[in-house]
Amino acid sequence: MATIPTPLRIRNALENAIVEGRYLPGARLDPEALEREFEVSRTPIREALHQLEASGLVRVVAKRGTFVTEWSPSELAERFEVMAEIEATCGRLAARRITETELAALEAVHGECRRLAEAGEVEAYYARNSDFHHCIYRATHNAFLEQEASRLHAMLQPYRRMQLKVRNRMMRSFAEHDAVVARIRAGDGEGAAETLRAHVIVQGDRFHDLIAALRQGD
């Protein structure tokens, strides 16, 4: 007998679909279609969408429906600014607190990112890029910070995914990761913080590149 998906499982499946680009920013989530896809009634779908709304991944618009969150350029810039500061804090703490086992895991993921970047595998690199950042979050040994960093990371995933499709961005991303790993390995907290902040912040030409990528996706 097939297991009936719970609201949490539905929420996780929808979150993955949004992060993976199946539902783009601004896309409407059709409850009836979701009922058919997951073979459930409206109640667990509604609960799952409420959970996604609480996480910031979707927005409920009265009398119109539920949509994947889409931000204006200024809203997007503000969120990347906050993400950059959170990542900087994670880098600073990770450089001081990372264990040998955690460092080995970070370097293993980094090595896989190198292989994928050199092969031009954007989609696979994107997934491992996320793993790279989560290794750093865990190495802070601060559960609350890890949770908040992961939450905002998930909210920005669709946009970070688009960034990697900008010409030469994947190789630049890997080079920035290389500098981050070197700072963390050396125990250089301030260096790790500054490198991660610069890696995540979206401003100047990078901001215009991201806006151009968003327009291409329309």
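This is a predicted model: local features need pLDDT of at least 70, side-chain atom pairs count only at pLDDT 80 or more; totals for chains, interfaces and linings use all residues.
Helix H9 spans residues 189-200 and has 12 residues. Its first and last C-alpha atoms lie 17 Å apart, close to the 16 Å expected at 1.5 Å a residue. Nine of the 12 residues are buried, so H9 is largely enclosed by the rest of the structure.

Two packed helices are described by the angle between their axes and the distance between the axes. For H6 and H9, the angle is about 145° and the axes are 14 Å apart. The crossing of H6 and H9 is left-handed. On the H6 side, the contact is made by Asn129, His133 and Ile136. These residues meet Leu196, His199 and Val200 of H9. By class, the contact of H6 with H9 has three nonpolar residues, three polar residues and no charged ones.

Asn129 lies in helix H6. Its relative accessibility is 5%, below the 20% cut-off, so Asn129 counts as buried. Beyond its neighbours within four places in sequence, Asn129 is in contact with Cys113, Ser173, His177 and His199.

Side chains of opposite charge can pair when their charged atoms come close. The model has 12 salt bridges. Arg92 has 22% relative accessibility and counts as partly exposed. Glu190 is also partly exposed, at 48%.

A second salt bridge joins Glu37 and Arg22, at 3.0 Å from N to O. Here too the pair links distant parts of the chain. Glu37 sits in helix H2 (residues 31-38). Arg22 sits in the loop between helix H1 (7-19) and strand S1 (28-29), 15 residues from Glu37. Glu37 is partly exposed, with 36% relative accessibility. Arg22 reaches 52%, over the 50% cut-off, and therefore counts as exposed.

Glu112 pairs with Arg115, and the closest N and O atoms are 2.6 Å apart. Both residues belong to helix H5 and are three residues apart, about one turn of the helix. Glu112 is partly exposed at 27% relative accessible area. Arg115 is partly exposed at 46%. Elsewhere, salt bridges that share partners join Glu85, Glu194 and Arg197 into one network.

Two C-alpha separations relate positions that are apart in sequence. Gly120 is found in the loop between helix H5 (100-119) and helix H6 (122-139). At 44% relative accessibility, Gly120 counts as partly exposed. Its C-alpha atom is 9.8 Å from that of Asn168, 48 residues away along the chain. Met162 lies in helix H7 (residues 143-163). Met162 has a relative accessible area of 13% and is buried. The C-alpha atoms of Met162 and Tyr126 are separated by 9.7 Å, and the two residues are 36 apart along the chain.

Backbone geometry was also examined in the loops. Glu39 has a phi near 55°, a positive value in a residue other than glycine. Glu39 is placed in the loop between H2 and helix H3 (42-55). It is exposed, at 68% relative accessibility. Lys63 also shows a positive phi, near 65°, and is likewise a residue other than glycine. Lys63 lies in the loop between strand S2 (58-61) and strand S3 (65-68). At 90% relative accessibility, Lys63 counts as exposed.

Technical notes
Residues are numbered from 1 along each chain as its sequence is written. Side-chain values use heavy atoms; hydrogens and water are left out. Helices (H or I, at least four residues) and strands (E, at least two) are DSSP runs, numbered from the N terminus. The expected span of a helix is 1.5 Å times one less than its number of residues. Buried means under 20% relative accessible area, exposed over 50%, partly exposed in between (1.4 Å probe, protein chains only). A salt bridge is a side-chain nitrogen of Lys or Arg within 4 Å of a carboxyl oxygen of Asp or Glu. Axes are lines fitted to C-alpha atoms, for helices over the stretch in contact, and angles run from 0 to 180 degrees between N-to-C directions. A crossing is left-handed if the near helix is turned anticlockwise from the far one by less than a right angle, and right-handed if clockwise. Contact means heavy atoms within 4.5 Å. Ala, Val, Leu, Ile, Met, Phe, Trp, Tyr, Cys and Pro count as nonpolar, Asp, Glu, Lys and Arg as charged, and the others, Gly among them, as polar.
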